[in-house]
Amino acid sequence: MNETSNSISVSVVKDPVRVRMAPSPTGYLHIGGARTALFNYLFARHHNGKFILRIDDTDTARSTDESMHEIYTALKWLGLEWDEGGDEGGPCGTYVQSERKAIYDGYIAQLLENGNAYHCYCTPEELEEIRTQARADKQTRSYDGRCRELAAEAVDRFVAEGRKPTVRIKMPDTPIRVDDIILGSRNIDPATLEDEVIVRSNGMPNYNLTSIIDDAEMQITHVIRGTEHLNNTPKQIAIANALGLNVPQFAHIPLVLDSGGRKMSKRHHGDLVAVNRYREQGYLPEAMLNFVVRLGWSYDDKQEIFSVEELIEKFDLARVGKSGSVFDIKKLEWLNSHYINQLDVSARTEAVIPFWQEKGLLLDPTENRDWLEGIVEAVGERLTKLQDIVPQTSYFFTDAFEYEPKAVKKWWGNSEEKREKTREILTNILQILEEIPTFDIETIEAAIWQYTDENNIKRVAAMQALRIALTGASFGPSLFDIVVLLGKDEVLKRIPKAIEHCT
């Protein structure tokens with residue numbers, strides 16, 4: 001690839017802008033795919049254009065309806081609603097590539113008729129021999145074009161043998177110019193390009209053919225996608241030129257990298273890159289969008305928090321960097337905590353209810369709504385993810401919990417003398433709470449502090465002894481909030497159980 005300039009100014013954008021996201025339904029939507037969708041969405045909305053969802057399912061062996069609907073779910077959860085395509089349809093007919101084969105067949109016939117493509121009858125074994133020889137000869141091409149000018153007799157012989165041909169595009173022998181809004185202009189040396197297979201032996205067209213045909217058919221003006229597609233771009237331009245199709249403007253965005261500088265991928269990072277995984281854990285779409293947009297784009301290197309409206313207003317491909325961006329889960333957690341804490345108590349309660357229900361802690365969310373909101377208010381700003389509500393509050397719904405061993409050892413003691421003192425403290429607090437006239441925070445707090453101060457007991461020792469008795473852990477919301485929210489009957493039931501455990 002010969003670079004002719006280091007940069008290219010963003011072209012004047014003419015109406016109507018039409019961009020597309022074209023995921024393959026062979027698995028979940030990953031972080032990189034979400035970022036591609038977001039950049040396309042923001043670019044379209046900024047220019048009052050159209051955002052199109054096209055499904056690239058020509059890999060029929062691996063594509064599934066389940067994956068396709070999971071992609072729909074993830075995009076809709078993020079709020080990236082498309083104008084055409086997907087399950088919405090639109091003026092371009094079907095937007096599912098496996099249903100557009102008749103369209104592709106027409107273009108394939110055109111390529112064969114005008115001599116810009118040819119049938120290749122090479123077997124897999126022959127192709128491997130060609131590749132091996134090319135490596136030995138240090139050739140940049142792994143296919144030597146031997147089927148370009150097959151004699152009729154050879155074709156007849158291959159057909160008689162039952163060989164199923166592929167179709168290859170004839171790559172030009174002159175440089176292919178690639179103008180990229182982000183990466184600049186480059187001339188691709190034709191010696192680095194081999195005749196690409198554009199139709200498999202089973203008759204199904206390949207990605208590079210279907211993609212550029214659909215871009216033309218759907219009047220796509222800009223192709224915004226990851227740099228992993230850079231090698232496809234000159235091939236698609238060559239196909240478009242051979243068919244006389246308009247070539248869209250290209251913009252390749254940098255890779256998303258892990259902390260070690262390796263590309264974030266399904267293969268190496270598993271569910272860590274699955275968008276729906278974050279939805280299931282209780283990340284908010286606003287946090288995910290704010291996090292994903294900063295993977296390659298920045299406004300002023302100062303502003304961290306953006307509303308969707310601000311992103312639409314400010315988004316510009318000129319501010320997309322050329323180098324890879326590191327996926328920092330701590331940054332995402334910080335953003336998510338910020339957005340959770342922006343919710344009022346009622347909205348936050350509504351958001352965490354499904355997580356209580358999923359664990360069987362809450363059967364009817366319409367009952368005791370004030371009590372549920374009281375729990376959420378007591379938890380305060382401790383939630384990083386919505387699912388954190390479960391381990392932080394499950395003791396409100398059930399007393400079937402274990403006492404945390406480290407907490408017991410530290411605060412209840414690991415000697416008989418210390419455990420006897422804990423039993424004494426809990427027994428006296430139990431008596432105080434049994435006799436207390438009003439079960440509210442102020443009255444409870446005053447009575448317990450009076451007991452600890454008069455008996456020269458450290459307040460923290462009494463508090464932690466009681467906290468572990470009621471929750472099983474040594475940390476959490478304010479102890480007196482816990483006492484009041486549990487209620488007198490439940491508190492008086494749990495303390496004797498803790499006393500017995502200390503015996």
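Predicted model: local features only at pLDDT ≥ 70, side-chain atom pairs only at ≥ 80, totals over all residues.
User: How many residues does helix α1 have, and what is its reach from first C-alpha to last?

Analyst: As a general idea, an α-helix has 3.6 residues a turn, so residues three or four places apart point the same way. Here, α1 covers residues 31-46, which is 16 residues. From its first C-alpha to its last it reaches 22 Å, close to the 22 Å expected at 1.5 Å a residue.

User: Is α1 enclosed by the rest of the structure or open, and why?

Analyst: Because 14 of its 16 residues are buried, α1 is largely enclosed by the rest of the structure. After the helix comes Asn48, whose phi is positive, near 55°.

User: Which residues of α19 are buried, and what do they pack against?

Analyst: Start with the helix itself. α19 spans residues 459-471, and its 13 residues reach 18 Å, close to the 18 Å expected. Its buried residues are Ala462, Gln464, Ala465, Leu466, Arg467, Ile468, Ala469, Leu470 and Thr471. They pack against α16, α17, α18, α20 and α21. Gly472 follows α19, with a positive phi near 90°.

User: Where is Pro477, and is it buried or exposed?

Analyst: Pro477 sits in the loop between α19 and α20. Its relative accessible area is 2%, under the 20% cut-off, so Pro477 counts as buried. Apart from neighbours within four places in sequence, Pro477 is in contact with Ala378, Val379, Arg382, Tyr395, Arg467 and Ile482. One of these, Arg467, is also among the buried residues of α19.

User: How are two packed helices described?

Analyst: They are described by the angle between their axes and the distance between the axes. Take α6 and α7: their axes come within 9 Å and cross at roughly 60°. That angle makes α6 oblique to α7. The crossing is right-handed.

User: Which residues of α6 and α7 meet?

Analyst: On the α6 side they are Tyr207, Asn208, Leu209, Ser211, Ile212 and Ile213. On the α7 side they are Asn232, Lys235, Gln236, Ile239, Ala240 and Leu243.

User: How many salt bridges does the structure hold, and which side chains does Arg54 meet in one?

Analyst: The structure holds 32 salt bridges. In one of them, the side chains of Arg54 and Asp214 meet at 3.8 Å, N to O. This pair links distant parts of the chain, 160 residues apart: Arg54 lies in the loop between β3 and α2, and Asp214 in helix α6. Both Arg54 and Asp214 are buried.

User: Which residues are linked with Arg54 and Asp214 in a network of salt bridges?

Analyst: The network also includes Arg20, Arg100 and Asp215.

User: What about Glu161, and how far is it from Pro477?

Analyst: Glu161 meets Arg163 in a salt bridge, with 2.9 Å from N to O. Its relative accessible area is 47%, so Glu161 is partly exposed. Pro477 and Glu161 are 316 residues apart in sequence and 77 Å apart in space, C-alpha to C-alpha.

Conventions
Residues numbered from 1 in each chain as written. Heavy atoms only, no water. Helix = DSSP H or I, 4+ residues; strand = E, 2+ residues; numbered from the N terminus. Expected span 1.5 Å × (residues − 1). Buried < 20%, exposed > 50% of the residue type's maximum accessible area, 1.4 Å probe, protein only. Contact = heavy atoms within 4.5 Å. Salt bridge = Lys/Arg side-chain N within 4 Å of Asp/Glu carboxyl O. Axes fitted to C-alpha atoms, helices over the stretch in contact; angles between N-to-C directions. Parallel < 35°, antiparallel > 145°, perpendicular 65-115°, else oblique. Left-handed = near helix turned anticlockwise from the far one by under 90°.
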